[in-house]
Structures are given as structure tokens and as C-alpha cells.
Amino acid sequence: MEPERLRRRLGSAFRLRGLLLRADALKYLTEALQSINEAELDDVIENVIDAVEKQPLSSNMIEQSTVEAAVQECSQASDETIENVFNIIGAFDIPRYIYNSERKKFLPLSMTNFPVPNLFGTARDKAELFRERYSILQQRTHRHELFTPSAVVAHPDDGRSKFQLRTIETLLGSTSKVGEVVVLGMITQLKEGKFFLEDPTGVVQLDLSKAQFHSGLYTESCFVLAEGWYEDEVFHVNAFGFPPTEPSATTRAFYGNVNFFGGPSSASVKASAKLKQLEDENEDAMFVFLSDVWLDQAEVLEKLHTMFSGYSSAPPTCFFFCGNFSSAPYGKNQIQSLKGSLKALADIICEYPSIHKSSRFVFVPGPEDPGPGSVLPRPPLAENITQEFRQLVPFSVFTTNPCRIQYCTQEIIIFREDLVNKMCRNCVRFPSSNMDIPNHFVKTILSQGHLTPLPLYVSPVYWAYDYSLRVYPLPDMLVIADKYDPFTIANTDCLCINPGSFPRSGFSFKVFYPSNKTVEDSKLQGL
């Protein structure tokens, strides 16, 4: 394309996004994009502008240095393939994005005035933890068809089923009775036996005597849509529901190819056609998930022997072993015995050369494994415990709890916590039995967009790292390794599985095939 026409197209494309190019920047871009095929030009310009907007801009006047960085980023993105096939992302390596309600965008930490996360959080971190959970759910709910305001020209019948979200401040500010309102807020118990609804604008006491609870586990500190009427400083709730879930594809359509998940890729791996092709072609890829792998029990090691011998002819891509790694996780010899148990596992793996050479091993610590207490996210097992194992089995990774796995275009979150029990114990009202507990549980986690929608005294979290427990946008698969009975549930295009406790559930485990997204229940009992 002749330079003058290209220059005009570039200028108008940037102006459409509210940006102006300096003369030197325009000249550089014209030269850089001169050789691009005209059919691809619009997409390339869009990608460059997206890359420009990701950078911290002081004004809408774009310098040459900013454009150079954006072009470099776009050219790198087109080269990424092989190195991004399989990545294990620790909780402390997940990128931090903060929702900006004015720009209606998620901004990276570097573009905000928030401090870098610290394990020793400040009071601001604790307040932001709940405020961020609220703002994520609020923007998601506002986008849902039931809550989007009707167009002015809409047919009169269309507006009937629409709801309008109110804040608690608007209720508190009214002196007369307010009927038929829907409020998004967090359930708290500020006084013994009395429940309140809280949002960033205020707090109101609840009357739950006539409240109907939709499906889900309604715990303290979870966010709900409360529908009812307000009078005399009390909000009388008719019905409780959860904020609607949103498929990952819908979220990405709204926010573009931002890599919320983490890993080396500069953009979301969902956008890569090459990775998608690799994923479809590799039909033999297989992930094996086990939880509560008690390595100090002879029977467990014997069953692992059986499993490895069965898989030796076709080794899985990866074995995921979740803790606890000891059946008696206490005593002064705990660390020494865990080292010995890992050595025993390494010896078993070395007996099967095909698995030793081809399979990877990922270890996620459990709540009772040696470590700095029960605060989440949990760091990996200490290096002095795992050093010998890593020398014997080089393709092994000891990671955090929770952790994330990116395989081609698929995103998997793994979390080892006995969560079902905790959530049932902390319910405001236990659900009626019209749906089994696993379905209630999965719906709750995905609706809340968070792995532990519980009070901080029940499930403590490092305040500044609360974002690492987000389940938003929804992953392709969520593995919640829990001692509860195994289950496999699909909800909102997200597969949720619990492999169950390996020794307690008749040595059951789950096998996942990424090429067709299927999960297989497996059991070693009686073998």
C-alpha cells in the first residue's frame, strides 16, 4: 500500500480510539507496516493499538518509543508457540489486574497506584480484598441480560423482566417503605445471631424469616443478590440468589485477549490458532489427578506401583499428586519421614523408565503438609525436603496451593482444600435436598468467582494475594481436591472435578483427556 494512504489509515484508526500519533511515531509505524498484506492490515493495526493501550500512558499523544515497544510485543506474540505448550503457574506468579470502573477495564498493577503485593498486608489490603471481589461481581452482573437497562426504543413488554441493581446507600437514604428491590452485597454477621448485608456504600440489617434460598451454599462472607423490601432500617428478604455466572468466552469477548491467567504468553492462549491445532492433534495427552497421596502407607505405594505398571506402555503427559503426603502429619520426625517417603516414590518411578522419561510430576501441598500454617495461598514444600526427589526425578515440579496449569489453549486451576465440609458448616441456611451437595458447591464457587467464599477466620488468606484465588474468567477445568466423595460436574462451560481422597475412596482418581475435554473415573480397588 502506498505510504500516504497507509498514513491516513493509521491516523484515523488511532483517532477512533482517542489517541494521537506524533509525526516521528507515524513515520516509524508507516515503515514498519509497509510490507503487511492489505487483508491483514486492519487486524495488525488493532493489535498494535491494543499493545499501545496496555502501556502506562501519560497523555493521548503517542511517542515513537511507545509505538516501537508495541510493534515489538506484537511481533513476539506471533512467534510464541512451542514454549507455551505446557506451563505450571504458581499462585505468587499470577498477574494482578484491578478493575477500573471508570474505564470499564481491567488494568495491570503497573498502571495503577496500588503497591506491589506483600505477605505482610496493610489495612488497605484487607479492605481492597472485599472491594475487589464486589467490583468483579458487580460488573459481571450488570452485563447480564436480566440487569442491562432496556434501550429507550425497546418494546414496552421487554422491560418487564429487567431488574435494577440498587446500592445499600439508596435504601438507607429513603424514609418511606421501598418495595421490590434487588441489592448485590455480602452476607455478614456483625452482631451475634443477626445477619447484615454489606456493600462499599453501607450496611443494612436483614430479616431472613421469609427468605427463599435458591440453589447454592450461602455462607457468611459470600456475595448474594437479595430481593425484597426495605422499611424501618431493616431489609426484609424475599429471595436470595447468587450473581449469575458468565462463560469464559463472554468475558473475553468483552475484555479482549488480556492474559488474566498467567504464564509466559503476552496475550491469552485462547487466541492462538497454532496452540489449538497442537492441542487437537495430540490426542494421546492425558492428565492423572490424585489427592491425599499418603506416601507413608505401604498400601498406597503398592497401588501406585500398580498404576505405574498399567500406564508404562502409554505414559500420561502429567501426574498431579495433591497432599496431604502423610497419613500422620505431626511429630518431631515428620519432615524426616516425608523425605524418606518421597525417596520411596522416586524409587518406584525409576522402576518404570518410560514414565520416568516421558511423564511430568506436579506436587501440590495439602493443608496438613509441612509449611507456614493454614494461610492461603500456600508455598511449595520446602526445597530441603524435595531436593533428593528432584535429583532422581528431574521432570518434577513442587508448586503452590492453589496453582494453575496452562496446556495449549486450556486453563486448569488446581486447589487442595477440604472445602465442601467447611462451606456446609458455615452455611446461613443448609440447602434443601432437591440437588446434591456437589452441584450446590460448584455453583457457589463459580458464581462467587473465588475459591474460598468464606470468612477470613474460617479460611485465612494473605490479604494482598487474595487475587490469586480468583476463578475469573472461568477456567476450562477446576480441580478441587477434597476429601469429600469424588464428583465430575460441568457448569457454565467449566468442568469441575474432585478426584476424592485416594486411600479413603477405594483408591479412586481422575483422568483428563484435553483433546476432547473428557474426564474418566478410575479406581484401583481389588486390583
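Ala, Val, Leu, Ile, Met, Phe, Trp, Tyr, Cys and Pro count here as nonpolar, Asp, Glu, Lys and Arg as charged, and the others, Gly among them, as polar. The structure above is a predicted model, in which local features need pLDDT of at least 70 and side-chain atom pairs count only at pLDDT 80 or more, while totals for chains, interfaces and linings use all residues. Residues are numbered from 1 along each chain as its sequence is written, and side-chain values use heavy atoms, with hydrogens and water left out.

We can begin with empty space. Rolling a probe the size of a water molecule over the atoms shows where such space is left. On a 1 Å grid over the protein atoms alone, a cavity is a set of points where a 1.4 Å probe fits but cannot get out, whereas a pocket is an open set with protein on both sides within 12 Å along at least five of seven lines; lining residues have an atom within 4 Å of a point. Grid points are joined across faces, edges and corners, and a volume is the space filled by probe spheres set on the points.

The second largest pocket has a volume of about 360 Å³, and of the 18 residues in its lining, F147, H214, L225, G241 and F242 lie nearest its centre. Two or more lining residues come from each of β12 (223-231), β13 and α14 (437-448), where helices (H or I, at least four residues) and strands (E, at least two) are DSSP runs numbered from the N terminus. The most is given by β13, with 3 residues, and by class the lining of this pocket has 10 nonpolar, 6 polar and 2 charged residues.

The largest cavity contains about 100 Å³ of space, and its lining of 13 residues, with R96, L129, E132, W463 and D466 nearest its centre, divides into 6 nonpolar, no polar and 7 charged. The second largest cavity, with about 90 Å³ of space, has a lining that includes I94, Y97, F106 and R404, and this lining is made up of 8 nonpolar, no polar and 2 charged residues.

Two of those lining residues, Y97 and F106, fall within the residue ranges of strands β4 (residues 97-100) and β5 (residues 105-108), which run antiparallel and are joined by 4 bridges; two strands pair if DSSP finds at least two bridges between them. I98 has L107 as its bridge partner in β5, and N100 has K105. The two strands form a hairpin with 4 residues between them, and K104 in the turn has a positive phi of about 55°.

Rings of Phe, Tyr and Trp (its six-membered ring) pair if their centres lie within 6.5 Å, and planes under 30 degrees apart count as stacked, over 60 as edge-to-face and the rest as tilted. The ring centres of F213 and F240 are 5.1 Å apart and their planes stand at 55°, so this pair is tilted. Because F213 lies in strand β10 (residues 212-213) and F240 in strand β13 (residues 234-241), the pair ties together parts that are 27 residues apart in sequence. F213 is partly exposed, with a relative accessible area of 22%, while F240 is buried, at 1%; buried means under 20%, exposed over 50% and partly exposed in between, with a 1.4 Å probe and protein chains only.
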